[in-house]
Amino acid sequence: MEEFDIIVFGGTGYTGVHVVREMFLTSKKEALSWALAGRSIEKMRSVLQTVAGETGVTDYSDVGVIVANIDDVESIEQMCVRAKLLINCVGPYYLWGRQVVEGCLAGNTHYLDISGEPFFMEQMEADYHDKAEELGLVIVSACGFDSVPADVGVRYVQTNFPGTLTSIELTLMRELERKGSQFIFRHSNVLSTGSQTNHQL
């Protein structure tokens, strides 16, 4: 029996903290049992305390804290089995995503992530679609920056284009900012990950 409706895995990273914030806001409006999972209890407790304060949540004692390490398959499986849905915020996914998807399939848990890595997404569909369908589970990637603007943009064009839409080409631009002798890339993870796996696509 699942202990939580949702587990957020990797909620102490940049995007994960945003997911935790949404979890707090959503749970204020509707009954929702959820937990935060990751490697460091101290970091998770710190994030919960900070984000609870920012969202006006005074009592978050019912939010679970689960220790799980991507390098420990048993801890991943034990985490996954405790939720109806797992939100995976631990990337890059081509390195660390497969074992979480496999843990969810083993634990009969729905899976969602924020990946924008084409190779990973295509591999997961090719390798696990039939198994997920057999179990009645969903495996959904790309629920974040990389995909939402594109999906919304395509829908906008479909609705407003005055002819027959046959194809759309999307471009993601990245900014390069120089600070002293360092270059800082913004919104570059998907592009850099994609370039590392282009030869495999």
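Visitor: How many aromatic pairs does a search of the whole structure find?
Guide: The model is a predicted one. A pair of aromatic rings is described by the distance of the centres and the angle of the planes. A search of the whole structure on this basis finds aromatic pairs numbering three.

Visitor: What kind of aromatic pair do F24 and Y60 form?
Guide: The centres of the F24 and Y60 rings are 6.1 Å apart, and the angle between their planes is 80°. Because planes over 60 degrees apart count as edge-to-face, the pair formed by F24 and Y60 is edge-to-face.

Visitor: How many residues apart in sequence are the parts that the pair of F24 and Y60 ties together?
Guide: F24 belongs to helix α1 (residues 14-29), while Y60 sits in the loop between α2 (41-55) and β3 (64-67). F24 is buried at a relative accessible area of 1%, whereas Y60 is partly exposed at 26%. The pair therefore ties together parts whose separation in sequence, in residues, is 36.

Visitor: Which residue joins F24 and Y60 in one aromatic cluster?
Guide: F24 and Y60 form an aromatic pair. The aromatic cluster that contains F24 and Y60 also includes W34.

Visitor: How is the pair of Y93 and F120 classed from its centres and planes?
Guide: Y93 lies in helix α4 (residues 93-96) and F120 in helix α6 (residues 118-135), 27 residues apart, and the pair links these distant parts of the chain. Y93 is buried at 4% relative accessibility, and F120 is buried with a relative accessible area of 3%. Their ring centres are 5.6 Å apart and their planes meet at 40°, so the pair is tilted.

Visitor: Which residue in β6 stands opposite L112?
Guide: L112 is on the uncovered face of strand β5 (residues 110-113), together with H110, and L112 is also the bridge partner of I87. β5 pairs in the parallel sense with strand β6 (residues 139-140) over two bridges. Within β6, the residue opposite L112 is V140.

Visitor: What is the handedness of the β-α-β crossover from β5 to β6?
Guide: β5 and β6 pair in the parallel sense. The chain leaves β5, passes through α6 and reaches β6, and this crossover is right-handed.

Key: Residues are numbered from 1 along each chain as its sequence is written. This is a predicted model: local features need pLDDT of at least 70, side-chain atom pairs count only at pLDDT 80 or more; totals for chains, interfaces and linings use all residues. Side-chain values use heavy atoms; hydrogens and water are left out. Rings of Phe, Tyr and Trp (its six-membered ring) pair if their centres lie within 6.5 Å; planes under 30 degrees apart count as stacked, over 60 as edge-to-face and the rest as tilted. Helices (H or I, at least four residues) and strands (E, at least two) are DSSP runs, numbered from the N terminus. Buried means under 20% relative accessible area, exposed over 50%, partly exposed in between (1.4 Å probe, protein chains only). Two strands pair if DSSP finds at least two bridges between them. A crossover is right-handed if, with the strands pointing away from the viewer, the path from the first strand over the helix to the second runs clockwise.
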